[in-house]
Amino acid sequence: MAYDEDLANRVRELVGREPGVTERRMFGGLAMMLRGNMSVVVRGAGGLMVRVDPAEAEAALAEPGATATVMRGREMRGRVTVEPAACERDADLARWVDRGLRCARALRAK
């Protein structure tokens, strides 16, 4: 399944100045990796998957359009799925991307 190229370009603009960001096909979409750690994925199914600090997961899940990420029937701790409508506005997308980058920055480089 192809990911939304327009959304990917918008995410690229937001992460473009961050040193150490690379792209990798992952989870059926396009992942933005920071020093080898996933920060944000433009999902093939639409929207985003965002890495969040587990301590902030509850607050992230309370935001409109956010749900727990489930893969193969198992909830992935520290990952939030954001539906496409919840990242249409530039400010909303920037907030989600920033959240993913902050989480990835706190991790040891791989």
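Helices (H or I, at least four residues) and strands (E, at least two) here are DSSP runs, numbered from the N terminus. You're looking at a predicted model, where local features need pLDDT of at least 70, side-chain atom pairs count only at pLDDT 80 or more, and totals for chains, interfaces and linings use all residues. Residues are numbered from 1 along each chain as its sequence is written, and side-chain values use heavy atoms, leaving out hydrogens and water.

Start by selecting Arg72, in the loop between β5 (66-71) and β6 (74-82). Its phi is near 55 degrees, a positive value in a residue other than glycine. Arg72 is exposed, at 88% relative accessible area (exposed is over 50%, buried under 20%, partly exposed in between; 1.4 Å probe, protein chains only).

Next, click on Arg35, which sits in the loop between β2 (29-34) and β3. Arg35 isn't a glycine either, yet has a positive phi of about 50 degrees. This one counts as partly exposed because its relative accessibility is 32%.

Now hop to Asn37 in strand β3 (residues 37-42). At 2% relative accessibility, Asn37 is buried. Beyond its neighbours within four places in sequence, its contacts (heavy atoms within 4.5 Å) include Met32, Arg51 and Leu107.

Finally, head for the largest nonpolar core, with 25 residues. Such a core is a set of buried Ala, Val, Leu, Ile, Met, Phe, Trp, Tyr and Cys residues joined through side-chain atoms within 4.5 Å. Val11, Leu48, Val82 and Trp96 have the most contacts inside the largest core. Helix α3 gives the most to this core, with five residues.
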